[in-house]
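This report covers the salt bridges and helix packing of one protein model. Please keep the sequence and the 3D view open while reading.

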Amino acid sequence: MALSAIGTWTRRIVASFGCIGYLPASGTVASAATVALLWFVQREAPAWCGPHGALQFWLVVVGVIACSIYFSSRSKELFGKEDSGRIVIDEVAGQLVTFLFVPITIRTLIAGFVLFRFFDIVKPFPVYRMEELDDGLGVTMDDVAAGVLANLSLLGILFAYHAVKSYL
C-alpha cells in the first residue's frame, strides 16, 4: 500500500527529526540536539528531569521509541534504502535512553552524549545484532541498545565517582 503525499511528508519530517537527518553528520547532530533539548527542559521545567519527574521522563522515552519504530518503518519506501542516514529519530530515542535514572547536569549530558555516540558508532554486541530485526524495529533497537550500554556506563561512572569522593 503506497503512502499518501501528506503521510509521506509527515513520516519524513518525523523520521528525520525535523529535517536534521538531511544535514551532514546527521546522527551526531540529532544526538546533540537531543542533549540541548534535555538541557533546556532541565533548566525550564526541572521537575521533568528530577526525581519527581522520573515517570514523565520514562513515558516520554517510551513514546519516542514507539514513534521511532513507527516512523522509521517502511524506510526503503520513504528514503530509498532500509536504514537511511536521514532517519535520526532513532538517535533521539537512544540518546534519551542514555539519561534514564541519571541526574541531568552539564557534566552528565556531555558524558552521556560521548558514551552514546561511542556505542552507536562502534556497535558492540548486542548493538549490532539489533540491526538484524525487521524494518523500523531494527532501525530503532540498535540505537536503544547503544543507549542502554551508555546508560549503564554512565551510571557506573557516577557510582564510582561518588564512591571515591566519599573516601576523600
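## Salt bridges

The whole structure holds 5 salt bridges. A salt bridge here is a side-chain nitrogen of Lys or Arg within 4 Å of a carboxyl oxygen of Asp or Glu. This is a predicted model: local features need pLDDT of at least 70, side-chain atom pairs count only at pLDDT 80 or more, and totals for chains, interfaces and linings use all residues. Residues are numbered from 1 along each chain as its sequence is written, and side-chain values use heavy atoms, with hydrogens and water left out.

## A linked network

Salt bridges join Arg117, Asp120, Lys123, Glu131 and Asp142 in a network. Take Arg117 and Asp120 to begin with. Their side chains meet in a salt bridge, 2.8 Å from N to O. The two residues are 3 apart in helix H7 (residues 106-122), so about one helical turn separates them. Helices (H or I, at least four residues) and strands (E, at least two) are DSSP runs, numbered from the N terminus. Arg117 is buried, with a relative accessible area of 11%. Asp120 is buried too, at 5%. Buried means under 20% relative accessible area, exposed over 50%, and partly exposed in between (1.4 Å probe, protein chains only).

Asp142 pairs with Lys123 in a salt bridge of 3.0 Å, N to O. Asp142 sits in helix H9 (residues 135-167), and Lys123 in the loop between H7 and H8, so this pair ties together parts 19 residues apart in sequence. Asp142 is buried, with a relative accessible area of 2%.

## Arg129 and its partner

Arg129 belongs to helix H8 (residues 127-130). It forms a salt bridge with Glu132, and the closest N and O atoms are 3.4 Å apart. Glu132 counts as exposed, at 54%.

Arg129 can also be placed relative to Ala93. The two residues are 36 apart along the chain, and their C-alpha atoms are separated by 18 Å.

## H4 against H6

Two packed helices are described by the angle between their axes and the distance between the axes. The axes of H4 (residues 54-72) and H6 (residues 89-98) come within 9 Å and cross at roughly 155 degrees. Axes are lines fitted to C-alpha atoms, for helices over the stretch in contact, and angles run from 0 to 180 degrees between N-to-C directions. H4 and H6 are therefore roughly antiparallel. Angles under 35 degrees count as roughly parallel, over 145 as roughly antiparallel, 65 to 115 as roughly perpendicular, and the rest as oblique.

The H4 and H6 crossing is left-handed. A crossing is left-handed if the near helix is turned anticlockwise from the far one by less than a right angle, and right-handed if clockwise. H4 contributes Phe57, Val61, Val64, Ile65 and Ser68 to the contact, while H6 contributes Ile89, Asp90, Val92, Ala93, Leu96 and Val97. Contact means heavy atoms within 4.5 Å. By class, these residues are 9 nonpolar, 1 polar and 1 charged. Ala, Val, Leu, Ile, Met, Phe, Trp, Tyr, Cys and Pro count as nonpolar, Asp, Glu, Lys and Arg as charged, and the others, Gly among them, as polar.

## H2 against H6

The axes of H2 (residues 26-44) and H6 come within 9 Å and cross at roughly 45 degrees. That makes H2 oblique to H6. The crossing of H2 and H6 is right-handed. On H2, the contact uses Gly27, Ala30, Ser31, Thr34, Val35 and Leu38; on H6, Glu91, Val92, Gln95 and Leu96. The H2 and H6 contact has 5 nonpolar, 4 polar and 1 charged residues.
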